[in-house]
There are 2 protein chains.
Amino acid sequence: MAIYNFSAGPAVLPKPVLEQAQREMLDYQGSGMSVLELSHRSKEFDSIIKDAEQLLRELMAIPDNYKVLFLQGGASTQFSMLPLNLAKGRKAYYHVAGSWGKKAYTEAVKLSKTIPFDPILLASSEESVYDHIPAFEPSAIDPDAAYVHLTTNNTIEGTAVYHLPDTNGVPLVADMSSNILAVRYHVEDFAVIYAGAQKNIGPAGVTVVIIREDFLNDEPALSSMLDYRIQAEAGSLYNTPPAYSIYIAKLVFEWVKKQGGVDKMEEVNREKSGLLYDFIDQSDFYTSPVKVAAERSVANIPFVTPNKELDAKFVAQATPLGFKNIKGHRSVGGMRASLYNAFPRQGVLELIDFMKQFEAENS
Amino acid sequence: MAIYNFSAGPAVLPKPVLEQAQREMLDYQGSGMSVLELSHRSKEFDSIIKDAEQLLRELMAIPDNYKVLFLQGGASTQFSMLPLNLAKGRKAYYHVAGSWGKKAYTEAVKLSKTIPFDPILLASSEESVYDHIPAFEPSAIDPDAAYVHLTTNNTIEGTAVYHLPDTNGVPLVADMSSNILAVRYHVEDFAVIYAGAQKNIGPAGVTVVIIREDFLNDEPALSSMLDYRIQAEAGSLYNTPPAYSIYIAKLVFEWVKKQGGVDKMEEVNREKSGLLYDFIDQSDFYTSPVKVAAERSVANIPFVTPNKELDAKFVAQATPLGFKNIKGHRSVGGMRASLYNAFPRQGVLELIDFMKQFEAENS
């Protein structure tokens with residue numbers, strides 16, 4: 001039986017990446033050591049982290065005036081680190097189109113009780129369970145603000161921002177955790193991009209931060225580990241980095257490049273997710289909670305049956321057939337198919353077959 | 001040629017651990033998924049993290065009123081997280097017997113510029129390049145202080161604290177990164193123990209924190225990720241944990257248990273390091289920079305030849321023979337043999353053979 005892992009993260013990885021990691025587990029390139037055993041100051045690891053950075057620069061066309069950092073703590077740590085370094089007593093706007101965007105805002109509010117700055121909720125679609133991307137007037141933004149924060153892809157709710165909003169000249173900062181490398185964005189449109197790796201980059205335990213050099217903090221942050229400038233100047237080696245996760249990320253970057261890069265991945269992802277969206281659209285049984293078709297995520301596709309009992313039955317029947325982690329997030333309910341870069345097209349076809357059969361038996 | 005990895009961390013892992021990781025890389029226990037792909041909310045990962053905690057509790061005899069956390073960011077993040085949660089406007093004493101202890105103190109001073117508390121340098125042996133553990137009078141400690149911080153093993157300088165000092169009733173907090181599981185300590189003697197994993201626990205990317213429940217912060221910290229109570233209440237799953245590192249740690253804990261546990265590891269480590277110390281002691285050519293024999297680390301053993309040129313020659317000749325990462329830290333110079341739990345006795349014997357030969361050729 002084929003296993004299809006629809007997990008929203010940590011998520012499916014490309015099989016060739018896992019096979020290479022397996023081959024190299026006991027002896028990395030003739031060193032006689034596992035990557036898990038490499039000193040982070042060794043020439044072997046130096047190559048790994050530099051190659052990882054170079055590949056990511058190439059894939060995302062990252063301009064030279066941006067630093068690339070490999071940090072720890074996930075996007076959740078960035079929720080604090082970002083305002084700590086960038087807000088500096090100013091206004092910081094939060095565009096909240098999903099649960100993770102709300103967490104980013106909530107953490108900013110928490111931090112602002114100790115570190116003076118002014119987090120502002122720019123727009124939110126929480127009232128309608130984030131079923132659309134909320135709009136706002138650019139003129140609502142104070143042009144002296146530190147930044148506007150947005151989430152490019154809402155992992156839980158299945159929406160995405162493909163066309164960046166007008167922010168009245170204020171720098172844009174993005175949590176790109178769930179569609180980095182899956183969709184083409186232009187790095188130069190952002191002051192900072194960050195992403196937990198455990199979706200399209202690969203393993204949990206490493207967080208990518210891409211920051212324009214002139215946004216590096218001038219004054220030290222209250223903790224060296226939370227200080228972008230210190231991390232940038234140390235080339236992500238201020239302390240021991242999450243070495244194995246960076247190694248796996250490097251292998252994933254190589255794989256993405258081999259597939260044809262980000263534009264090709266986006267093409268594949270649009271076709272792959274299109275199969276499922278088209279099927280849902282023609283069905284009277286399944287519904288997408290996302291209101292606006294143009295805002296549909298290519299990475300996370302929630303859907304529901306006519307009622308909660310059938311949703312539960314769907315999950316109960318699908319799981320033993322190899323459709324793993326298909327259950328939706330509790331806040332949205334139903335099911336969620338996360339179709340990241342490494343998710344195979346064949347898995348979408350087989351899911352649709354199962355959905356057809358389930359509909360026939362239960363409608 | 002056998003490869004012996006003397007790295008101070010990330011460091012050598014037990015071969016059976018790497019072999020099991022290799023076997024399970026593409027299919028963890030029949031799940032059809034790699035551990036790298038497991039959702040952190042899956043039943044498979046739930047077992048891994050719970051088993052890891054249970055094994056560590058058993059190995060270290062951790063009392064029930066202590067929480068065990070698996071966090072990110074290394075000991076360096078704990079340098080800030082600890083005072084942020086525990087100091088609360090009070091005095092916090094730092095016993096500084098090595099470079100890492102000094103970093104802990106320096107970070108506390110940095111944090112205290114924003115978060116009011118009073119970090120105090122209790123004792124330091126910096127003047128003599130940390131060649132001994134500095135003493136202090138218990139009466140020098142204000143009994144109302146938040147804690148006394150110490151480093152149980154100084155990775156760079158090769159000293160260790162085996163007999164805990166009298167802290168005038170003030171709770172003891174320890175960075176145990178480089179000798180956790182290598183030497184027996186009694187957890188009930190500490191309020192908090194923390195350790196970056198990349199020495200005796202295994203992989204980089206996970207940090208173990210053991211904290212007595214009544215030391216969990218009553219008030220929220222400025223960042224949820226840096227809040228012990230939030231992390232404890234979420235069972236280390238507040239956000240996506242460094243899942244693969246926790247899995248490898250679990251395998252290492254199983255291996256330590258199979259070897260006979262911590263007391264047995266200490267016995268083996270004392271014998272293993274004793275071979276090298278005895279050889280250095282009888283030699284007129286090699287010297288240990290550690291002044292007091294009773295303070296010698298069983299984990300990190302620095303040594304020097306009569307001069308810097310010979311030190312460089314030693315490293316240059318040893319490395320191609322398979323003695324990897326034997327170069328000492330720049331602050332101490334010479335060589336350093338890190339003999340963590342997983343380092344094989346045979347490697348010590350072969351190192352001594354090489355040292356004899358080098359001495360014969362160069363003295």
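The structure is a predicted model, in which local features need pLDDT of at least 70, side-chain atom pairs count only at pLDDT 80 or more, and totals for chains, interfaces and linings use all residues. Residues are numbered from 1 along each chain as its sequence is written, and chains are lettered from A.

A:Arg41 is located in the loop that lies between helix H1 (15–23) and H2 of chain A; helices (H or I, at least four residues) and strands (E, at least two) are DSSP runs numbered from the N terminus. A "binding site" feature is placed at A:Arg41 by an unreviewed UniProt entry; such annotations may be inferred rather than shown by experiment. With residues up to four places away in sequence not counted, A:Arg41 touches A:Leu237 and A:Tyr238 (contact: heavy atoms within 4.5 Å).

Chain A contains an open sheet of seven strands with mixed pairing, in the order S2-S10-S9-S8-S5-S3-S4; pairing requires at least two DSSP bridges between two strands. Strands S2 (66–71) and S4 (118–124) of chain A form the edges, each pairing on one side only. Within the sheet, strand S9 (residues 192–196) and strand S10 (residues 207–212) of chain A run antiparallel and are joined by five bridges. A:Ile193 has A:Ile210 in S10(A) as its bridge partner.

Helix H2 (residues 43–60) of chain A lies across S2, S9 and S10 of chain A, at about 130 degrees to S2(A). Angles run from 0 to 180 degrees between N-to-C directions of axes fitted to C-alpha atoms, for helices over the stretch in contact.

Definitions and conventions
Heavy atoms only, no water.
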